[in-house]
Amino acid sequence: MPELFQVVTIAEASARLQTYLSPLARVEQVDLHAALDRVLAAPLYAPTDLPAFPRSTMDGFAVRAADTYDASESLPAYLHLVGEIAMGRQADLVVGPGQAARIHTGAMLPPGADAVVMVEYTQTLDATTLEVVRSAAVGEHIIAIGDDVRSGQVIFPQGHRLRPQDLGGLAGLGLTSVPLVARPRVAILASGDEVVPADQTPGPGQVRDINSYTLAALVQRYGGEPLLIGIAPDEAATLQHMAHAAFAQADLLIVSAGSSVSTRDMAAEIIASLGTPGILVHGVAIQPGKPTIIAFAEGRPIFGLPGNPVSTMVTFELFVAPTLLQLQATPPHPPRTTPARLTKNIASKTGREDLVPVRLLQREAEAWAEPVFGKSNLIYTMIRADGLVRVPLDQSGLYAGDHVLIHMFT
Ligand SMILES: Nc1nc2c(c(=O)[nH]1)N[C@H]1C(S)=C(S)[C@@H](COP(=O)(O)OP(=O)(O)OC[C@H]3O[C@@H](n4cnc5c(N)ncnc54)[C@H](O)[C@@H]3O)O[C@H]1N2
Ligand code: MOO
C-alpha cells in the first residue's frame, strides 16, 4: 500500500518549526483593564515605594511602644490623648512621650508614634485620658514604607503573563498602562464545499462550521487575536485568493481541512504557494492529526490542520499553541497533568502516538481515566472528556489499570 504522507514524529515536527520561529517585535501600550493574561514586552520597575507612608493595620491608638512597656489588665498604662488622625491626610499632630492619638486602619502613622494598640486593649476614660492594658512592640500593627515593594525593584520580568493580582499591584503603583507584546493576529480560514456557517441550516450533505469556533477560542486562550476569514470552497482559485488575502493581514495562518490526500484536498498546494521556505512537515505520526501541515512563508508560520474537529483541536494544542506562546516570547504554560489509572485498554500501533480523550472519574478515593472512544469527526467526544492521555510512539497500547497522566484541557 503506498504511503501518502512522509510522517515525522511530534518532536521532529516541532524541531523543524523551531528553526524558523522568532518572537514578534511589535509592542503596544495597553490600559491595565485590557491587560489580563497578556504578556509584558519589557521588565517593569516600581516607580515608588509601596506603601509610600507608614500605615496602621488596625483601628486603635498610635503610641510610642516604650510608653506601654509591661502594661497589663492589672497594671495599665495611662496616656494623654492628643487627637485623632484623619484618613487620607497627613497627621497634623506629633505623638510625644506619654501621648497617644486615635487612628483608623489604613491611616498614616503620625510622627513620634512607632506602634499601634488595638482599640480592644484600651479604654478612653475621658476626652484626654487613655488606659492601655497591653504592651505594644515597636512596629506592631504598622506597615512600613516599602513593605509591599521597594522603589526601583524589578516587579515583573519581560515575558511575564499578567494575572489579576498583577494588575492590582501595577495599579497600586500608578502604572495604569503597560507595554505589552502585540497579540499575534491569527487568520482562520475554514474550507470545504460541505461546510456552511454555523447560523445556517445545513442542506443534505452539508455540516455547520465547528472549527472556526474552536480555533478562534483556542487562539484567544493562547493570547492571539483571531481573524475569522470565513469558509472557502474546495475550488483552487477561490481558496488561493482567500488564503493569500488572509495571510497578508496575519502573523500566523491556519487553514482548516483539505490537508489529506483526496483530489478535493488542496491545502498543501495552496500553502506551498504562499512563499518560501514553504512546507516543512506534511504528516505527523499521530492519531488523530496525521495529515497536519506545518509551513513557513515570509517569516510567518502557516498550519494546515486536519478538518475533523477533534484532529483540529489536538493538532492546535500540539503545534499552534506553543507557536503562539513563542511569538509572544512567553514561556510555555506548565503542563496541567493529573495522574490517574486507566479504566479500559487503549489499542495503538507502534510508530504512532495516540492522543485519546478521557474523562476523569473519582472512584474510591482514586482518580481514573475513562477513555471516550469515537472517531475524530465527533466533537462531542471532546466535550465528554476532561483531557487527553498520550500513548507513546513505541507502545502498542495501554492496559486497564495502567498508571497514566491526563493532560487536562485548560
Ligand atoms: N485515504 C485517506 N483518507 C484520509 C486519510 C488518509 O490518510 N488516507 N486521513 C484521514 C484523516 S486522519 C483525517 S484527519 C482527514 C483529514 O481531512 P482533511 O484535513 O483533508 O479535511 P476534510 O477531508 O476536508 O474534512 C475532514 C472531515 O472534517 C469535516 N470538517 C471540515 N471542516 C470542518 C469544519 N470547519 N467544521 C466541522 N467539520 C469540518 C469534514 O466535513 C470531514 O468530515 O482525512 C482522512 N482521510
Ligand atoms: O487522524 Mo485524522 O486526524 O483523525 O481522522
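Tutor: Strands here are DSSP runs of E with at least two residues, helices are runs of H or I with at least four residues, and both are numbered from the N terminus. The model is predicted, so to speak of local features takes pLDDT of at least 70 and side-chain atom pairs count only at pLDDT 80 or more, while totals for chains, interfaces and linings use all residues. Residues are numbered from 1 along each chain as its sequence is written, chains are lettered from A and ligands numbered from 1 in the order in which they are written, and side-chain values use heavy atoms, leaving out hydrogens and water.

Student: OK. Where does E298 lie?

Tutor: E298 lies in the loop between strand 20 (293-297) and strand 21 (300-305). Its phi is positive, near 50°, although E298 is a residue other than glycine.

Student: And what is phi for H141?

Tutor: About 60°, again positive in a residue that is not a glycine. H141 is in the loop between strand 9 (129-132) and strand 10 (142-143). Most residues other than glycine have a negative phi, and most peptide bonds are trans.

Student: On peptide bonds, is L50 to P51 cis or trans?

Tutor: Cis, with omega near -10°. P51 is in the loop between strand 2 (44-45) and strand 3 (55-56). The bond joining T276 and P277 is also cis, with omega about 0°, and P277 lies in strand 18 (residues 277-282).

Student: Which residues make the contact?

Tutor: From helix 1, I10, A13, S14, L17 and Q18; from helix 6, L318, F319, T323 and Q326. Contact means heavy atoms within 4.5 Å.

Student: Last one: what is around ligand 2?

Tutor: Q287, P288, G289, K290, N308, S311 and S376, each with a heavy atom within 4 Å. A polar side-chain atom of Q287 is 3.1 Å from an oxygen atom of the ligand, and one of N308 is 3.2 Å from a ligand oxygen atom.

Student: What about G289?

Tutor: A backbone N or O atom of G289 lies 2.4 Å from an oxygen atom of ligand 2. A polar contact is a pair of N or O atoms within 3.5 Å; within protein, one must be able to donate a hydrogen and the other to accept it, and residues adjacent in sequence count only if both atoms are side-chain atoms.
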